[in-house]
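Subject: Structure handover

Hi,

Here is the structure I promised to pass on to you. Please open it next to this message, and then read on for what turned up in it.

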Amino acid sequence: YHYATQLIVDQPVFPLLVWSWWQTYHTPDVDLERFAGHTAFLFLHTGDFDLYWRAFDGRRWSLDGPPPRRATLPWAAVGQLPAASSVEVGAASAAT
């Protein structure tokens, strides 16, 4: 497939992409480069993914440290993405 443009991913939506990825692979460790280059995301603009990984570091996952190459999903053992608070969603919306 050839796409004329790629869709922009808003920051509040990004954790859902991570959750959908986890639904397929069921591993709590995510290689950030492989994630961004995954064929399922070819139609998405991935240029902001690094910012989004950092934005949710410590709240949704833990990054392995500078520069981050891997994320660990603590909720993956439970199998449920934690609910976002209205403060997080509002702050994320204001940032975009």
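This is a predicted model: local features need pLDDT of at least 70, side-chain atom pairs count only at pLDDT 80 or more; totals for chains, interfaces and linings use all residues.

Two overall values first. The chain has 96 residues, and 29% of them are buried. Among contacts with a separation of 6 or more, 62% are between residues 24 or more positions apart.

**The sheet and its salt bridge**

The three strands make an open sheet, in the order β1-β3-β2, with antiparallel pairing. That order puts β1 (29-31) and β2 (62-63) at the edges with a single partner strand each, so one side of each has no neighbour in the sheet. Between β1 and β3 (residues 70-72), which run antiparallel, there are three bridges. If you want a spot to start from, look for Val-30, which stands opposite Ala-71 in β3.

How many salt bridges does the structure hold? There is one, and Asp-31 forms it with Arg-70, with 3.9 Å between the closest N and O atoms. Asp-31 belongs to strand β1 and Arg-70 to strand β3, so the pair ties together parts that lie 39 residues apart in sequence. As a reminder, side chains of opposite charge can pair when their charged atoms come close. Are the two partners buried or partly exposed? Asp-31 has a relative accessible area of 25%, which makes it partly exposed. Arg-70 also counts as partly exposed, at 35% relative accessibility.

His-26 lies in the loop between α1 (14-25) and β1, and has a positive phi of about 50° although it is not a glycine. His-26 is exposed, with a relative accessible area of 52%; the cut-off for exposed is over 50%.

Now to Tyr-52, which sits in helix α3. Its relative accessible area is 6%, so Tyr-52 is buried. Which residues does Tyr-52 touch, leaving out those up to four places away in sequence? They are Val-9, Asp-10, Gln-11, Phe-14 and Trp-61.

One of these, Gln-11, comes from the segment before α1. The C-alpha atoms of Gln-11 and Tyr-52 are 6.0 Å apart, although 41 residues separate the two in sequence. Gln-11 counts as buried as well, at 11% relative accessibility, since the cut-off for buried is under 20%.

Phe-41 is found in a loop, the one between α2 and α3. Phe-41 is buried, with a relative accessible area of 6%. Not counting residues up to four places away in sequence, Phe-41 touches Leu-17, Phe-35, Thr-46 and Phe-49. From Phe-41 to Leu-7, 34 residues away along the chain, the C-alpha distance is 9.6 Å.

**The largest pocket**

Last, the pockets. Rolling a probe the size of a water molecule over the atoms shows where empty space is left. The largest pocket has a volume of about 160 Å³. Its lining is made up of Leu-32, Glu-33, Ala-36, Phe-49, Asp-50, Trp-53, Arg-54, Pro-67, Pro-68 and Arg-69.

Which helix gives the most to that lining? It is α3, with four residues. Both α2 (32-36) and α3 (49-55) supply at least two residues each. Sorted by class, the lining has six nonpolar residues, four charged ones and no polar ones.

Best wishes

Definitions and conventions:
Residues are numbered from 1 along each chain as its sequence is written. Side-chain values use heavy atoms; hydrogens and water are left out. Two strands pair if DSSP finds at least two bridges between them. Buried means under 20% relative accessible area, exposed over 50%, partly exposed in between (1.4 Å probe, protein chains only). A salt bridge is a side-chain nitrogen of Lys or Arg within 4 Å of a carboxyl oxygen of Asp or Glu. On a 1 Å grid over the protein atoms alone, a cavity is a set of points where a 1.4 Å probe fits but cannot get out, and a pocket is an open set with protein on both sides within 12 Å along at least five of seven lines; lining residues have an atom within 4 Å of a point. Grid points are joined across faces, edges and corners, and a volume is the space filled by probe spheres set on the points. Ala, Val, Leu, Ile, Met, Phe, Trp, Tyr, Cys and Pro count as nonpolar, Asp, Glu, Lys and Arg as charged, and the others, Gly among them, as polar. Contact means heavy atoms within 4.5 Å.
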